[in-house]
Amino acid sequence: MIYLLPLINGLRISVFLFLMAVSVTAENQKMNVLLIMCDDLNDYVEGFSGHPQARTPNINRLMKSGISFLDAHCNIPICNPSRASMMTGLYPHTSRCYGFEPWDKIEVLKNSRTMMDHFRTNGYYVIGTGKVMHSRDRQEWKEYGYPSDYGPFVNDGGEKDIAHPDVPSPFSEDFGPVDGSFGPLKNLKGMKSRLNGNALIWRTGNWKNKRELRYLSDNDRDPTGDELNAQWAVKKLKSLANNHKNQPFFMGVGFVRPHTPLIVPQKYFDMFPLESISLPKIRKQDAEDTYKHTLNSDDEDDRGGDRGTKMHDSLVSAFKENRDLALKKFIQAYLASIASVDDLIGEIIDALDSSSLKDNTIVIFTSDHGWGMGEKGYLYKNSLWNESTRVPLIIRSPGHSHAGSLSKVPVSLIDVYPTLIDLCRLPKETRKNKQGRPLDGNSLLPIIKEPKKSRWSGPDSVLTSMYNWAHEYVPNEQSYSLKNSQWRYIRYSNGKEELYDLIKDPKEWHNIAANSEKVSLIKDFRSQLLRRISSESFDASEKSVKKDAEFWKAKFFEKHPESDSNNDGKLSWKEHRTFKAKLDRLKNKPNN
């Protein structure tokens, strides 16, 4: 027995060292990341209390396995700048990306790493598909699946896409094949274009490349763009589980629905019978004490102006002023689109959870911004009210998050990037060089670990800005909202203000900014806002850029006086852009 003791002790030491090695390996093992994004998805999700008839069992299943942030908001409620902000971790006032200009051509953003770039730089296998950034996705991924696909579109048999044939005018004509289009996929056999007599067909794709989509029935058709993205993600997850065990991955999956056109298979419309659709509670004349409509916009398609009011009024007009029927039709298509994408999310979660990746993969689900459904007579995104700013945000992080936990702390998409850096233990430096900027957001990890926390290191108020077309964006000349647990304060670029007490008035029905009792509170919010958007770049150089732009516009006017279309002796930026586009078309026109 004495002779056996050294052997037994040696065995114990070996086992101990082995277990220690396994523990260290597990500790040092990097977490994978699966980011799933929808487009234009508001709080019409089970568990987020946006619409009582929402059918999202798969998103709800994810919600029950992680933490849900019930008061999460975007930082600008329109596609391109919202995604640029989230994926670079920089506010629009930091980057100057407020609109639809290519995000990677903006000085600050091209010198700051996107989330994907940062993970790739730190050894991750970075792959994605669909709409994660608004455009120019492919360059950010090591491997890229399918580009953004906004279809299906109805096509007139030529080059012109049109609205779904079930949508009446003027809405179909006013807003066309994208925003003016909703309805089920259907067999178009025998249907002809009213314009040219051609047979109608289905097409799908993005603005640059479209292809015909074959459709005979729901059971005999080509897959939609969103379905292709889900299939790609499922296939890649299975491959990663088997072939990439020694390298962590970051996967992004971007679904377009429920972005317009709201066209999905009939079975999803059947889930929401029209007569049963519940309408949101809308106060009559609710927009009378609001000021978004007072903003001027030179944007030709009015995405930055009062497009939501125009869409609402046109839709109601299309259904002969029957507002309830009009909104029921649109909401039915919106709920159907959400249900369709929920099925696809379920396929991805099933593939993940049935693999060896489940316990080592962080899952994040969110949207780029919300969408108004007739509240304040507004049917669109790009407002600073709750319907546009609020988004679902769910994070499942094995070893950190608690299943089914909820947080009511106001947070925003700017916080996702620093959260992933903490969860994956990556370096916090995300700048490529000194021309870049450090992250603006704060890590949500303390809340993920302790969901009942009411305070954290982040600000008390969520900051959201709003797109309104401008030739040059100067931060203190834009519109903003500050939203905390009790108040929403809005200041528009023209100085108009709104204030809502969210405890007494959760629907934001009563603007009390003019209430004499709120003078000091309004002043405090003004000061907070100024502090939040002020930065070192708020200096004379900012003004000089704008001054240079005006100088070159004046030079253009000297050379092309005919560009002054209204003959008032001045050249507006809209006139400049319209005339320059005309010159470009003439220049690029092929010689006969």
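Helices, taken as runs of at least four residues, and strands, taken as runs of at least two, are DSSP assignments numbered from the N terminus. On that basis the protein, which is a predicted model, has 17 helices and 22 strands.

**Overall picture**

**Packing of α8 and α11**

- Helix α8, spanning residues 225-243, packs with helix α11, spanning residues 323-353, at an angle of about 5 degrees and with the two axes 9 Å apart.
- Because angles under 35 degrees count as roughly parallel, α8 and α11 are described as roughly parallel to each other.
- On the α8 side the contact is made by Asp-226, Glu-227, Ala-230, Ala-233, Val-234 and Leu-237, while α11 contributes Val-341, Leu-344, Glu-347, Ile-348, Ala-351 and Leu-352.
- Sorted by class, the contact of α8 with α11 comprises 9 nonpolar and 3 charged residues, with no polar ones.

**Salt bridges: the Asp-39 and Arg-83 pair**

- A search of the whole structure finds 30 salt bridges, and one of them joins the side chains of Asp-39 and Arg-83 at 3.7 Å from N to O.
- This pair links distant parts of the chain, since Asp-39 lies in the loop between β1 (32-38) and α2 (57-65) whereas Arg-83 belongs to helix α3 (residues 79-88), 44 residues apart.
- Asp-39 is buried, with a relative accessible area of 0%, and Arg-83 likewise counts as buried at 0% relative accessibility.

- Arg-113 forms a salt bridge with Asp-117, in which the closest N and O atoms are 3.1 Å apart, and Asp-117 is buried with a relative accessible area of 8%.
- The side chains of Arg-526 and Glu-497 meet in a salt bridge of 2.7 Å, N to O, a pair that connects distant parts of the chain: Arg-526 sits in helix α15 (residues 519-533) and Glu-497 in strand β22 (residues 497-501), 29 residues apart.
- Within this pair, Arg-526 is partly exposed, with a relative accessible area of 36%, whereas Glu-497 counts as buried at 13% relative accessibility.
- Salt bridges that share partners join Asp-39, Arg-83, Lys-131 and Asp-368 into one network.

Methods:
Residues numbered from 1 in each chain as written. Predicted model: local features only at pLDDT ≥ 70, side-chain atom pairs only at ≥ 80, totals over all residues. Heavy atoms only, no water. Axes fitted to C-alpha atoms, helices over the stretch in contact; angles between N-to-C directions. Parallel < 35°, antiparallel > 145°, perpendicular 65-115°, else oblique. Contact = heavy atoms within 4.5 Å. Nonpolar A, V, L, I, M, F, W, Y, C, P; charged D, E, K, R; others polar. Salt bridge = Lys/Arg side-chain N within 4 Å of Asp/Glu carboxyl O. Buried < 20%, exposed > 50% of the residue type's maximum accessible area, 1.4 Å probe, protein only.
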